[in-house]
Amino acid sequence: MTRARMPVCAGEQRRVALVTGAARGIGAATVLGLASRGWSVLAVDCVADEPVLRYPMASPADLTEVAARAGGLVNRRGAVRSFIADVRDADVVREAVEFAVDTWGGLDAAVSAAGVIAGGMPLWEMPAEQERAVLDICLGGVSNLARAAIPALLARPAPRSGRFLAVSSAAATEGVPMLAAYCAANAGIVGMVRALAAELGGTGVTANAVGPGATATTILTESARLYRESGGDRRGLPRAGRVLDPAEVASVLAFLAGPDSGAVTGSVIAADGGPGSPLRSTAMGFGSGVGVSA
């Protein structure tokens with residue numbers, strides 16, 4: 001299916017973004033959404049399975065396809081590139097930022113959309129290596145990207161309009177049974193983003209998070225499997241209503257990445273269907289896209 005081109009605002013032409021978790025889910029949709037608005041985008045993903053997790057991550061072919069589709073939306077040769085990096089590796093994340101800056105002359109937005117999920121059991125029964133993977137990828141990945149990308153955002157001359165964005169989850173504020181590590185990681189993302197916004201005050205660079213409700217990603221599929229296998233409380237799974245398309249969440253991220261969102265910083269935008277929606281009552285939210293790769 002061909003993605004419709006979005007109107008390109010003059011202020012968004014030639015802006016440069018880096019998106020982690022870019023091979024599938026919300027990350028991939030964000031790459032496509034930014035490209036359709038005329039951005040140059042570096043699509044970053046690990047594209048390798050994580051041995052301690054029980055579901056497959058995105059593949060190199062997935063990342064290549066996203067970059068090719070996104071490139072077709074921009075009328076500039078080489079406007080979308082791919083880069084393989086594990087967000088847990090701070091040095092490689094820094095290399096990705098340097099590659100974007102060297103390729104396009106700077107960086108205007110960094111979007112952390114990489115995430116994984118594990119659980120299906122009480123925290124005290126969860127293998128420590130699975131807990132560590134969730135915390136290191138979901139929360140550590142945001143920290144590593146912030147450390148690498150924010151200096152590049154600040155390197156733009158004033159007046160700046162740099163944007164640091166992270167995909168969190170409705171699970172950040174809900175005590176979802178059998179997903180304690182996932183809840184903790186996403187709550188940490190919210191706290192980190194709010195602190196970054198305070199630290200960046202007055203620079204022209206903003207920091208925000210988006211907390212999706214139930215979204216059609218691999219994390220949602222894996223969450224459903226975990227609950228089926230455990231026979232546990234299914235409060236976190238949607239009982240009725242519409243599951244969000246990743247592109248709907250990506251459109252929120254694209255606005256926040258743009259130059260017109262400067263009045264918004266230190267905020268957590270709930271992209272969950274609104275008050276009373278079954279999407280909001282789905283406590284898990286399944287925020288980040290998929291895999292080391294959302």
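A: Let's start with a word we'll need a lot: a residue is buried when its relative accessible area is under 20%, exposed when over 50%, and partly exposed in between, using a 1.4 Å probe and counting protein chains only. Keep in mind that this is a predicted model, where local features need pLDDT of at least 70, side-chain atom pairs count only at pLDDT 80 or more, and totals for chains, interfaces and linings use all residues. Residues are numbered from 1 along each chain as its sequence is written, and side-chain values use heavy atoms, with hydrogens and water left out.

With that in hand, here's the overall picture. The protein has 294 residues, and 55% of them count as buried. It contains eight helices and seven strands; these are DSSP runs numbered from the N terminus, with at least four residues (H or I) for a helix and at least two (E) for a strand. Contact means heavy atoms within 4.5 Å. Take the contacts between residues at least 6 apart in sequence: 79% of them join residues at least 24 apart.

Now for the inside. A nonpolar core is a set of buried Ala, Val, Leu, Ile, Met, Phe, Trp, Tyr and Cys residues joined through side-chain atoms within 4.5 Å. The largest one here has 36 residues, and Val19, Val31, Leu34, Trp39, Val80 and Leu253 have the most contacts inside it. Several elements each supply at least two of its residues, including strand 1 (16–20), strand 2 (40–45), helix 2 (60–71) and helix 7 (246–257). Helix 1 gives the largest share, six residues. As background, nonpolar side chains tend to be buried together in soluble globular proteins.

Leaving out residues up to four places away in sequence, Val19 touches Gly27, Thr30, Val31, Leu34, Val41, Leu42, Ala43, Val44 and Val111. There is also a second, separate core of 31 residues, with Val93, Val97, Ala166 and Ala207 among them.

Twelve of its twelve residues are buried, so helix 1 is largely enclosed by the rest of the structure. Among those buried residues are Gly25, Ile26, Ala28, Leu32 and Ser36. From first C-alpha to last, helix 1 reaches 17 Å, close to the 16 Å expected at 1.5 Å a residue; the expected span is 1.5 Å times one less than the number of residues. Just after helix 1, Gly38 takes a positive phi of about 95°.

Next comes strand 5, where five of five residues are buried. Arg163, Leu165 and Val167 point one way from strand 5, while Phe164 and Ala166 point the other way. Strand 5 runs parallel to strand 4, and four bridges join them; two strands pair if DSSP finds at least two bridges between them. Across that pairing, Ala109 stands opposite Arg163.

Val190 and Ala166 are 24 residues apart in sequence, and their C-alpha atoms are 8.5 Å apart in space. Val190 counts as buried because its relative accessible area is 11%. Setting aside neighbours within four places in sequence, Val190 is in contact with Ser168, Ala172 and Val268.

The loops have some curious spots too. Ala158 and Pro159 are joined by a cis peptide bond, with omega about 0°, and Pro159 belongs to the loop between helix 4 (128–154) and strand 5. Val47 has a positive phi of about 45° although it is not a glycine; this residue is in the loop between strand 2 and helix 2. Val47 is buried because its relative accessibility is 9%. Met178, also not a glycine, has a positive phi of about 70° and lies in the loop between strand 5 and helix 5 (180–199). At 18% relative accessibility, Met178 counts as buried.

Last, a look at the cysteines. Cys46 is buried at 13% relative accessible area, and Cys183 is buried at 9% relative accessibility. A disulfide here would be a pair of cysteine sulfur atoms within 2.5 Å, and a search of the whole structure finds zero of them.
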